[in-house]
Amino acid sequence: MTLRPQPSLALLGALLASLVVVFVVVLAAGAQAQTYPNRPITFVVPFAPGGLSDVPGRVLAAEMQERIGAPIVVENKSGASGVAGATAVWRAEPDGYTLLVNALADVQNLHYIPVPYNAVTDFALIGMVTDGPPLVLIVNAALPYTSVAELIADAKANPSKLSFGTSGPATSPVIAVTQLNALAGTRIVDVPYRGSGQAAVAVVTGEVQGAFVFYSNAKPLSDDGKVRALAVASPQRLASWPEIPTMAELGFPGFDHRGFVGLAAPGKTPASIVAFLNKHLNDAINSASFRRRIEPLGMTIPTDNTPERFAEFMRQETLRQAELAKLSGYSPLK
């Protein structure tokens with residue numbers, strides 16, 4: 001009878017040690033999932049305080065920290081059109097404690113300036129926070145234009161006469177001017193300002209004839225009679241402003257310029273943490289208190305808000321922004 005060789009004590013010791021290591025790793029992973037979060041979470045907003053992503057980000061932080069039982073700190077890390085803050089989150093530990101309040105600029109930047117990351121594939125996308133606000137085409141109230149057709153007719157008859165305030169290169173307002181010029185055959189000149197709010201003020205003072213500005217800037221000025229709103233750049237009319245037509249129904253299909261706010265984590269963040277954050281994000285944004293704060297800004301609440309759906313939205317928006325970039329003479333960056 002042939003006896004099988006018996007394993008040596010050294011081999012048995014090595015196997016036992018390997019099993020212990022595996023057991024400890026599993027226990028550690030399980031403990032992390034069970035105890036998260038056990039210290040403050042940081043929301044990095046890659047723009048200055050008071051902006052279109054900062055306000056929803058702060059409201060979300062307040063709502064979520066009540067639900068998860070841990071403090072959420074909002075840190076504004078502006079610079080390079082949002083790239084500085086996003087880069088900081090991209091490089092952070094994927095442990096769920098450093099999150100990015102992302103926005104439309106993340107996908108627009110990919111086509112205009114070099115960035116060290118991919119806004120879709122290099123982050124663990126948690127969910128959308130708000131959809132909108134849309135851009136609104138406004139003109140100085142003292143001007144005779146009562147419709148987009150009248151504005152375009154004058155722009156065609158007097159090339160380069162009209163100027164629109166914008167918020168600088170690679171931003172939604174200037175992209176909208178570029179798209180309008182391409183579709184209408186006009187040569188409206190864009191004049192850059194430091195933000196949509198300053199561009200709106202320039203329309204009021206008469207420095208420029210018009211602008212595409214965000215709803216939150218346009219609506220109060222229109223209500224006060226300081227500007228005249230001619231159209232909104234959204235697929236449907238706004239429930240809060242139903243008398244203002246969309247650019248699409250005025251003969252400009254695909255003229256859709258809306259912002260969004262989302263929440264993302266560094267890539268390789270555990271799926272259990274992403275699911276945890278998505279659940280509490282959805283609970284927060286569907287609360288009455290959250291809606292009261294953001295709906296006056298022209299923002300709406302997303303539906304069917306899963307990480308997968310948000311990732312698909314980001315992919316499609318990246319492709320759409322690439323086509324808009326080509327109108328401005330930019331080749332999409334690789």
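Predicted model: local features only at pLDDT ≥ 70, side-chain atom pairs only at ≥ 80, totals over all residues.
Good morning. I shall begin with the open spaces. As a general point, rolling a probe the size of a water molecule over the atoms shows where empty space is left.

What volume does the largest pocket have? The space in the largest pocket comes to about 750 Å³. Its lining is made up of 33 residues, and those closest to the pocket centre are F47, L52, S167, T171 and F214. Please keep F214 in mind, as I shall return to that residue. Several elements supply at least two lining residues each: the helices α4 (105-109), α6 (172-184) and α7 (196-205), together with the strands β4 (123-140) and β9 (258-266).

The lining of the second largest pocket comprises seven nonpolar, six polar and four charged residues.

I turn now from pockets to cavities. How many cavities of 30 Å³ or more does a search of the whole structure find? The search finds one, and the volume of the largest cavity is about 30 Å³. Around this cavity stand A86, L100, N102, D106, Y117, A119, F123, L125, A264 and M314. Two elements, β3 (98-103) and β4, each give two or more residues to the cavity lining. Eight of the lining residues are nonpolar, one is polar and one is charged.

Next, let us consider strand β7, which contains F214. This strand covers residues 210-214, and five of its five residues are buried. Which strands pair with β7? One is β4, which runs antiparallel to β7 and is joined to it by five bridges. Within this pairing, V136 has V213 of β7 as its bridge partner. Another is β5 (residues 163-166), which runs parallel to β7 and is joined to it by two bridges. Here G165 has A211 of β7 as its bridge partner.

The loop between α6 and β6 (189-192) contains T186. Is T186 buried or exposed? T186 counts as buried, because its relative accessibility is 6%, and the cut-off for buried is under 20%. The side chain of T186 makes a polar contact with the side chain of N181, at 2.7 Å. If we set aside neighbours within four places in sequence, T186 is in contact with I152, A155, K156, L180 and N181.

The second residue, E243, lies in the loop between β8 (227-232) and β9. With a relative accessibility of 52%, E243 counts as exposed, since the cut-off for exposed is over 50%. How far apart are E243 and A229 in sequence and in space? They are separated by 14 residues in sequence and by 9.9 Å in space, taken from C-alpha to C-alpha.

Thank you for your attention.

Conventions:
Residues numbered from 1 in each chain as written. Heavy atoms only, no water. 1 Å grid on protein atoms, 1.4 Å probe; cavity = no way out; pocket = protein on both sides within 12 Å on 5 of 7 lines; lining within 4 Å. Points joined across faces, edges and corners; volume = space filled by probe spheres on them. Helix = DSSP H or I, 4+ residues; strand = E, 2+ residues; numbered from the N terminus. Nonpolar A, V, L, I, M, F, W, Y, C, P; charged D, E, K, R; others polar. Buried < 20%, exposed > 50% of the residue type's maximum accessible area, 1.4 Å probe, protein only. Polar contact = N/O pair within 3.5 Å; in protein donor to acceptor, adjacent residues only side chain to side chain. Contact = heavy atoms within 4.5 Å. Pairing = 2+ DSSP bridges.
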